[in-house]
Amino acid sequence: MRLKHILHTVLAASLLSSSLLLASCGSQTAAEEAADMTDSGVSAVETTAAQAAVPDEEVFLNYEVSPAEAGYVSGIASQTLLPGEKSTTVEAVAAAGYQFVEWSDGTKNAVHRPMTVTEDQTVYAVFEQVIDSCPVIYITTWDGKSVESDWRTAACSISVDNIEKRYIVNEASAEIKCRGNASMGWPKKSYTIRFTESQKLGGLGEGKSRNWVLVSNHCDQSLLRNHAAFWLQRHMDGIEWTPDCRPVDVYLNGDYRGNYMLIEKVTVNEDRINIVNGSENPAVDADFMVELDNYASKAGEKGTVWFTAKSFPYEIRGEDNLTTERCEYVDQWVTNVYNIACDGTEAEIREVIDIDSLVDTYLVEEIMKNIDCGWSSFFLYRRDGKLYFGPGWDFDLAAGNDGRLDNGSYKNIYAGDGRYGFSQQNPWFLRLMEKDWFKVVAAERYMELEEQGVFEGLFTELDRVYGTCKESFEHNFEKWPIFGQTINQEPRQIRDLHSVEEHFNYLKEWLGSRIVWLYEEYAGYLD
């Protein structure tokens, strides 16, 4: 079983090596070629006649690399064609220390498919140097003061450096404020950023946006639990959109604040949660996004911006100018779907819930054993008459980082098992995992993910990020020397770790053990 290999891999260090094999071949002289043709029964006269029959009009297509040292073109880099003839496929291959960006004709895939050529042309494979350390974000408030409030914004300028050239930002105008609930009491704050003009920040996501988040990860001393969960979500195609993220170093008014996770904010737009709800003034019955959030009362008036459905609080997100009529409509619709989820048949549930997003969102929460999966930061949205689940958010207490939940153990079903009785558990998962058909669907999907190599890919990604950001992580804990301390709900085995490397290895070992344990558990559902 591949998962046993995963567990062995994460418990021991491995050394990977690669080699590039180059082959060369000689070319014949004209005399040698003619001799070969004569030997094969083709006369030189016939060859000359055939060459004369080739039209004088030819077009030349060249594939070149920019900068020249950044890689090479695999395939026929110089092609001679007849006008209107199609080229052959080539591929841009990056050299060590570089990555492919795009072809100069706008093609984004490194594999350049055949195209019709009518005139001479040169197409460049454009590469850029890979930055093997964390990007740096510089935030400068206009009044020079620190940022301490989660309700009052501060005008600022933001610059991004130590990053691929096309993602450098120079003093972009923005507003910033703190974000969080329990984390507001920590000295290392998280921040919400809203730019005056949309930005493609850090190379993240599919499009530009004004809204971004800097998460401090202060109680996650691996600094990687959110990254692991978001990576998993992005590789589960049942979840339509997941925030992209990357670790960054942050300076505020020249003061180093530590290593943060730069993340796309969960918002409604065509590049994120893509629903059409009439923008600022949606119709009462338009589609919507809500967040299950036990802090919803902070958002404003109940019955206007938030509501309770079956005793769980939900905030309507991504809309301005909300009304009581709109809130009541969303409340009734969510409540009705929840009732169907509890008491309906499989066919009735599939009629109103997108099962693919539900199953994949459940599995991410279960794999990470996220104690807060039903407490806050749980997003749902309606489109075309169906309720979609995801993306998940806020995994800093997950993956063995909360002593209240099995003392941090990797064993046991949590997100789908109501025996714990915690108020943090998710009502949707608990009700649906009571149904045998849903348990089978979830187990089959888990086996499919294992077969696809998603879990192996997770550990490859964690190794990559750790290798790139280790120095930044160590710098963070020089700024915030908190190893061995209780910041939130850390179990004893977490508090006993005293280095970046120990925290990284613990996270990998925990995830490896969890993934194998769940495989064996879910296999029992299919017997």
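This is a predicted model: local features need pLDDT of at least 70, side-chain atom pairs count only at pLDDT 80 or more; totals for chains, interfaces and linings use all residues.
Residues are numbered from 1 along each chain as its sequence is written, and side-chain values use heavy atoms, with hydrogens and water left out. The protein comes to 12 helices and 21 strands (DSSP runs numbered from the N terminus: helices are H or I with at least four residues, strands are E with at least two). Of its 527 residues, 50% count as buried (under 20% relative accessible area with a 1.4 Å probe, protein chains only; exposed is over 50%, partly exposed in between).

**Strands and sheets**

- An open sheet of four strands runs in the order E3-E1-E9-E6, with mixed pairing (strands pair if DSSP finds at least two bridges between them).
- Strand E3 (78-81) and E6 stand at the edges with a single partner strand each, so one side of each has no neighbour in the sheet.
- On average, neighbouring strands of this sheet are turned by 20° against each other, direction ignored (axes are lines fitted to C-alpha atoms, for helices over the stretch in contact, and angles run from 0 to 180 degrees between N-to-C directions).
- E1 (residues 59-66) and E9 (residues 121-129) run parallel and are joined by six bridges, with Leu61 opposite Gln121 in E9.
- Elsewhere, strand E14 (residues 209-215) has six of its seven residues buried.
- E14 runs antiparallel to E13 (residues 190-199), with five bridges between them, and Ile193 stands opposite Trp212 in E14.
- E14 also runs antiparallel to E16 (residues 255-264), through four bridges, and here Val215 stands opposite Met261.

**The second largest pocket**

- This pocket has a volume of about 1,100 Å³ (on a 1 Å grid over the protein atoms alone, a pocket is an open set of points with protein on both sides within 12 Å along at least five of seven lines, while a cavity is a set where a 1.4 Å probe fits but cannot get out; lining residues have an atom within 4 Å of a point).
- Volumes are the space filled by probe spheres set on the points, with grid points joined across faces, edges and corners.
- Its lining has 42 residues, and Gly202, Gly203, Leu204, Asp244 and Arg246 lie nearest the centre.
- By class, the lining has 16 nonpolar, 10 polar and 16 charged residues (Ala, Val, Leu, Ile, Met, Phe, Trp, Tyr, Cys and Pro are nonpolar; Asp, Glu, Lys and Arg are charged; the others, Gly among them, are polar).
- H10 gives the largest share of this lining, five residues.
- Helix H4 (225-234) is among the elements that supply at least two lining residues, and nine of its 10 residues are buried.

**Cavities**

- There are two cavities of 30 Å³ or more.
- The largest holds about 50 Å³ of space, and its lining includes Lys369, Asp402 and Trp510.

**Glu366**

- Glu366 is found in helix H7 (residues 355-368) and is buried, with a relative accessible area of 0%.
- Leaving aside neighbours within four places in sequence, its contacts include Tyr414, Arg514 and Tyr522 (contact means heavy atoms within 4.5 Å).
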